[in-house]
Amino acid sequence: MRVNATKFGDTERERSDQDYIGKALYTFLVSGQQYEGERISPWMFVVSHNARFVLAKQIAGIHKTSVDGVRVYYNPADPRKSYLIVAGTLGIAVTLLLGSLPFIFYWMKYHA
């Protein structure tokens with residue numbers, strides 16, 4: 001299992017302009033069949049050089065079961081859909097709020 005923060009996009013820029021993305025590579029067995037996963041969480045974060053701590057915190061949330069083992073969460077109907085971190089209630093609430101804000105602001109501007 002490998003998990004790290006990898007440079008994303010143009011790598012020839014100034015260091016402060018560099019973007020990073022979390023990358024993982026893991027294998028797991030379901031009913032005797034082996035699957036490969038790459039996603040850390042349902043949300044893909046692309047962060048700047050100064051916000052790399054977000055990826056570090058995300059990677060630190062991975063539950064390790066042994067030296068090379070991690071807990072993998074997968075969809076039982078389609079095990080190819082797998083993650084190393086389950087979305088928490090707070091994360092889901094923040095995502096719903098951020099997704100709803102444009103509609104709320106639109107309604108306030110043109111219908112209130």
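1. Leu29 counts as exposed, because its relative accessibility is 62% and the cut-off for exposed is over 50%. This is a predicted model. Leu29 belongs to strand E2, which covers residues 19-30. Its C-alpha lies 9.2 Å from that of Pro79, although 50 residues separate Leu29 and Pro79 in sequence.

2. What does E2 give to the largest nonpolar core? That core has 11 residues, among them Ala24, Tyr26, Phe28 and Val30. Also in the core are Tyr35, Ile40, Ile62, Val70, Val72, Leu84 and Ile85. E2 supplies four residues, the largest share of this core.

3. Phe45 sits in a loop. The loop joins strand E3 (33-37) and strand E4 (46-48). Phe45 has a relative accessible area of 34%, so Phe45 is partly exposed. The class runs between the cut-offs of 20% and 50%.

4. Which residues does Phe45 touch, leaving aside neighbours within four places in sequence? The contacts are Tyr20, Ile21, Gly22, Leu55 and Gln58. Asp19 is 26 residues from Phe45 along the chain, and the two C-alpha atoms are 10.0 Å apart.

5. Helix H2 takes in residues 89-111, 23 residues in total. At 1.5 Å a residue, H2 should span 33 Å. The C-alpha atoms at its ends are 31 Å apart, which agrees.

6. H2 also has a kink. The kink is about 35 degrees and lies at Leu101.

Terms used: Residues numbered from 1 in each chain as written. Predicted model: local features only at pLDDT ≥ 70, side-chain atom pairs only at ≥ 80, totals over all residues. Heavy atoms only, no water. Helix = DSSP H or I, 4+ residues; strand = E, 2+ residues; numbered from the N terminus. Expected span 1.5 Å × (residues − 1). Bend = angle between axes of the 7 residues up to and from the residue. Buried < 20%, exposed > 50% of the residue type's maximum accessible area, 1.4 Å probe, protein only. Core = buried A, V, L, I, M, F, W, Y, C linked by side-chain atoms within 4.5 Å. Contact = heavy atoms within 4.5 Å.
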